[in-house]
Amino acid sequence: MPAEILLEATDVSRRFGGLLAVDCASLTLARGEVHALIGTNGAGKSTLVNVLSGEIPASGGSVRLSGRDVTRWPQPRRARAGLGRSYQRATIFAQASVFENCRLTAQAHCQRAYDLWSDATRCSDATRAAEQAIARANLSAQARRVAGTLSHGQKRQLEIAMCLATAPSVLLLDEPLAGMGPEETDRMLLLLEALKPGHAVLLVEHDMDAVFRIADRITVMVSGRVIATGEPAAIRGNADVQSAYLGESVDDAPQAAAID
Amino acid sequence: MKFRRFAILVRQTSAWRGWPLAVAVVALALFPHVGGSFYVDLVLTTMILSIFALSLELLVGRTGLVSFGHAAFFGIAAYATALLSPSSQPPSLAWLLPAVVAIAALAALAIGAFCLRARGVYFIMVTLAFAQMTYFVFHDTKLAGGTDGMYLNVKPLLALDGDTLVDLRNPRTFYYATLVLLVLVYALLATIGRSRFGHALAGIRANEQRMRAAGFSTYGYKLAAFTLAGGLAGVAGFLHAVKDGFVSPEILAWHQSGAVLLMLILGGIGTLRGAVLGAFAFVLMKELFQSEALFGAFAKHWQLPLGLAVIACVALMPKGIVALPTQLRRFRAPLLHAG
C-alpha cells in the first residue's frame, strides 16, 4: 500500500540576489516516514525548510500540503493547516513556564482574539493539547518549570513539544539533535520514533549515525541541488553521494585508485 | 458559575497582589479632601498622563512595539474634543467621549497599518514620522487655530431626563471622573493581559517568528494592539482637552511622545503598575526642578536637572521603580551575610 503523501515539493527554487540557494529541489514526505535531509554546510537545507514552511517565499516551483497547493500561503496559514516546524536555535519563550510555552502555541487553533474577557488558561482545548504534547515529549515532570532554566536537551524536547501542541501532520525539524550528548540524542530519537506513525517527519541533521539509525528515506543536497533520494542503504552506496559528501573522496580518490 | 469564577478572581488578585492597588485607589479618592488645590490639580494631571502611559504600555511592554509617535493619538483626541464640542450648549459625555476615542482609534488603525510593515528601529522612526506629520497638520493649517491652538467652548456633561449626573465643569467631579477612567483603563488592560489576545501579544514580544510558525497571523494582532493603544491614548487626550479647556499643537509634538516613553522607562517596562508609577515619578521630578522656591533662577533650566535625574534613575534602577523592592532585597542580602 503506498504511503499517504502529506507534503510534496516540486522543483522548488529560492534565489537570494545572484545566489541560487535552492535549485529545483523536489521532495515528498509521507505519513509514517522519517525523511532525513542531509548535506554539507551551505547546501541549502535550512533555506529549503524555510521555503517549505512558508517563512520565505519560493522563487519557483510548488509546495502541496495534503493535496492542496500552498505555495502562495503565508506561514501562519500553512501552520494552521498542519505544517509544524522547529528551529535550529531554540526558540522557546524562556520567561514562561514549559506549560505556557505549549499552551500558547496550542492556542493557535482556538485564537478567539476578540474574546478579551476570559482567561487564556481557561481554554480547555489549548490546555489539553498542551498537556498531551508535554506528555509525549516526556516533559511532564518539568511542566511548571520556567523554560529558560531547562537543560539544553530538555529545551530541544520542549521545542518539539511546542510544535506538537499545534497538532501538525507534517513536522519539519531543523537539527533537533544539535549540541546534544549521547543520552539526550537517544531520548530524542526514541521520541521521533514514537511520533513516526502519525506524522510525516522531515529531519535536517548533521549527525550521520543518528540519521542512519532512524531515517526511512534520505535526501542529499549539495550546493542547492538534490543529488540523490532513496533508502539509507542505497544512499550509503551511492557514488555521487560518497564523492560529494560522505567519503571526502576528492582527496582520497587517487589513493583509493592506487590501492586498487 | 460566573459568580464563582469572579469570586475566585477577586480572591486571587485582591488578597495578594491587589492590595497596594486598592490602597492607591483609596488614597487617590481621598486626596482632594486633604490636599491643597495646587496638588489636587497636579495629581489630576498625573492621572491623565497615567492613562496615556498605560495605553503605550500595551504596545511597548506587552507587545514589544516601541512607538515614538504615541502623542499623535493623544493630540488627535484632544483636538477632536475641541472641534466636536458645540459653541454654546455643553455636549453630552455619552457621545463625545466614545466619538473622540473612536477617532483616535481610527487614526491609529490607519497609521498602524503602515508603520507595522516596518520592524525594530525602522518602526520607531516611522511612528515618529507619522506623529510629526500630524503635528504639522495642526501646526501649519488653519484647521484648528494653527500655532495659536483653540479653546474648548463648553465642557461636556452627562445628563439623564434633564438631571445632570456628571458635570465636568465641576473640578471635583472632573477629578473623580478621571479617577474612574484611570481605574477602568487599568482594569481593561489587566483583563487583556490575562486573555488569549494578551498572551499572544506577549508571545509576539518574545519571539514573533515562533508565533507565526505556530499559526498566528501576527500582523493582525499587532494592528489590533496598536489601534487599541491609540483609542486608550484618546481617553487621555480627551481628559487633557477638557481639563485645560485649551489645545495647542505642542501636545502632539515629539517631546510628548518622548515624555510618555520616559514615564514607562522610569516606572519599569512590562507592568501596568510601572506605567502609573512612572507617570507620577516623571511629573513629580518635573515639578521639583521647575520649583523656583527650591532652585530660584535656575528653575527655568529645569530640563537640565530633569535629564540628569532621568539618567541617574535609569543607571541606578535599570528595571524601573517597580523592580526597586527586589533590587533592594538583593542589595541587602550580601550585607546581612557579611554582618
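I started with one crossing: helix 3 and helix 4 of chain A cross in a right-handed way. I had to look up handedness: a crossing is left-handed if the near helix is turned anticlockwise from the far one by less than a right angle, and right-handed if clockwise. I also checked what a helix is here: helices (H or I, at least four residues) and strands (E, at least two) are DSSP runs, numbered from the N terminus.

Ground rules next. This is a predicted model, where local features need pLDDT of at least 70, side-chain atom pairs count only at pLDDT 80 or more, and totals for chains, interfaces and linings use all residues. Residues are numbered from 1 along each chain as its sequence is written, while chains are lettered from A and ligands numbered from 1 in the order in which they are written.

**Entry: helix 3 and helix 4 of chain A**

I looked up the geometry of this pair. The axes of helix 3 (residues 98-106) and helix 4 (residues 124-136) of chain A come within 8 Å and cross at roughly 125 degrees. Axes are lines fitted to C-alpha atoms, for helices over the stretch in contact, and angles run from 0 to 180 degrees between N-to-C directions. That angle makes helix 3 of chain A oblique to helix 4 of chain A. The naming goes like this: under 35 degrees is roughly parallel, over 145 roughly antiparallel, 65 to 115 roughly perpendicular, and the rest oblique.

Then I listed who touches whom. Helix 3 of chain A brings A:Val98, A:Phe99, A:Cys102, A:Arg103 and A:Ala106, and helix 4 of chain A brings A:Ala126, A:Thr127, A:Ala129, A:Ala130, A:Ala133 and A:Ile134. Two residues are in contact if their C-beta atoms, placed from the backbone, lie within 7 Å. I sorted the residues of this contact into nine nonpolar, one polar and one charged. For the classes, Ala, Val, Leu, Ile, Met, Phe, Trp, Tyr, Cys and Pro count as nonpolar, Asp, Glu, Lys and Arg as charged, and the others, Gly among them, as polar.

**Entry: chain A as a whole**

I found ten helices and ten strands in chain A. Its radius of gyration is 19 Å, close to the 18 Å that the globule rule gives for 260 residues, so chain A is as compact as a globular protein of that length. (The radius is taken over C-alpha atoms, and the globule rule is 2.2 Å times the number of residues to the power 0.38.) Along the principal axes, the C-alpha atoms of chain A fill a box of roughly 75 × 40 × 40 Å.

Chain A divides into domain 1 (1-82 + 169-260) and domain 2 (91-167); domain bounds come from an automatic or database domain assignment. The C-alpha centres of these two domains of chain A are 27 Å apart. Their contact takes ten residues from domain 1 of chain A and eleven from domain 2 of chain A. On the domain 1 side, helix 2 (75-80) and helix 6 (182-195) of chain A are the elements giving two or more residues. Helix 6 of chain A gives the most there, with four residues.

**Entry: chain B as a whole**

Chain B has 13 helices and four strands. I read off a radius of gyration of 21 Å, close to the 20 Å from the globule rule for 339 residues, so chain B is as compact as a globular protein of that length. The C-alpha trace of chain B spans about 70 × 55 × 50 Å along its principal axes.

I noted two domains in chain B, domain 1 (1-34) and domain 2 (35-338). Their contact takes six residues from domain 1 of chain B and seven from domain 2 of chain B. The domain 1 side has six nonpolar, no polar and no charged residues.

**Entry: two helix pairs in chain B**

Helix 2 (residues 37-63) and helix 9 (residues 254-267) of chain B pack at about 75 degrees, with their axes 9 Å apart. They are therefore roughly perpendicular to each other.

Helix 4 (residues 93-115) and helix 8 of chain B pack at about 140 degrees, with axes 7 Å apart, and this crossing is right-handed. By class, the contact of helix 4 with helix 8 of chain B has 16 nonpolar, six polar and no charged residues.

**Entry: where the chains meet**

I finished with the contact between chains, which takes 21 residues from chain B and 24 residues from chain A. Helix 7 of chain B gives the largest share of the chain B side, twelve residues.
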